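Me: I would like to learn how to read the features of a model with some care. Could we take them in turn, with the general idea before each case?

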Amino acid sequence: MSRVARFILISLAIMAAAWIALLAVLPEASRRIGGSVAPSPGVTPQPAAGAVALGEGAVLAVPISGMRRQDIRDSWGDPRENGLREHHGADLAAPANTPVSAAAPGTVEKLWTSAAGGTTVYVRSPARNWIYYYAHLSGYAPGLHEGQSVKVGDVLGYVGDTGNAGAGNFHLHFGLTHTTPDQHWYEGVDVDPYPYLAGKPLPR
Ligand SMILES: [Zn+2]
């Protein structure tokens, strides 16, 4: 074998070894990147760097008619029950019985009454990775039912003070929960909705 042929063979062997090593590492690296997308409590999920422009409907609408984005205050993490727990959501103060409309499209997954939330609606996003939670309602919009498809602006119910809102403290508690598609309506990781109500596009 000539020196040139031996050189070429050795070069090819080194390149092949490098490719095998690279391919072995790549799936692990991409898995790690994918795994970091799930938000943790208190951490605002960020769209991936270089992400393409998000489609229509990716920006939340303000769910209270007549309320401006700049009037919404960040109440995430505020102490509740004498500091026993932190507030997970955004409280939007409004007069009693102001219409509450869908901030994002989806399907009404659950109509639920609880001691904390009072009269509530859980709407699931079409990709089933977000749950929009509307609580302390005085009542539901006529005919609202589980399985109903809603679009932005559809009235879900009316501002109330049910649950632990406090008598006369009329406000909408809007919650945002990130889920996997197979999780139930009561599962997932709560995410601060404030930046998204203020106009930041919701990550997919
Ligand atoms: Zn609240």
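**Reading a predicted model**

Reply: F174 touches P63, G89, A90, L92, A103, Y133, Y134 and P193, leaving aside residues up to four places away in sequence, where touching means that the C-beta atoms of two residues, placed from the backbone, lie within 7 Å. This is a predicted model, in which local features need pLDDT of at least 70 and side-chain atom pairs count only at pLDDT 80 or more, while totals for chains, interfaces and linings use all residues. Residues are numbered from 1 along each chain as its sequence is written.

Me: What does the chain average in pLDDT, and over which residues does pLDDT stay under 50?

Reply: pLDDT is the predictor's confidence in each residue, from 0 to 100. The chain averages 81, and 72% of the residues score at least 70. Over residues 20-57 the value stays under 50, and for that stretch the model has 21 contacts beyond four places in sequence.

Me: Which residues of the largest nonpolar core touch the most other members?

Reply: A nonpolar core is a set of buried Ala, Val, Leu, Ile, Met, Phe, Trp, Tyr and Cys residues joined through C-beta atoms within 7 Å; a residue is buried if 20 or more other C-beta atoms lie within 10 Å of its own, exposed if 12 or fewer, and partly exposed in between. Here the largest core has 32 residues, of which V100, V123, Y132, Y133, Y134, L172 and F174 touch the most other members. At least two residues each come from several elements, among them strand 6 (118-124), strand 10 (171-178) and helix 2 (194-197), and the largest share, 7 residues, comes from strand 7. Helices (H or I, at least four residues) and strands (E, at least two) are DSSP runs, numbered from the N terminus.

Me: Where is I72 found, and is I72 buried or exposed?

Reply: I72 is found in the loop between helix 1 (3-35) and strand 1 (79-80), and I72 counts as buried because 20 other C-beta atoms lie within 10 Å. I72 touches A90, L92, Y194, L197 and A198, again not counting residues up to four places away in sequence.

Me: How should I read the phi of N82 and of R128?

Reply: Most residues other than glycine have a negative phi. Phi of N82 is near 55°, a positive value, and phi of R128 is near 60°, also positive.
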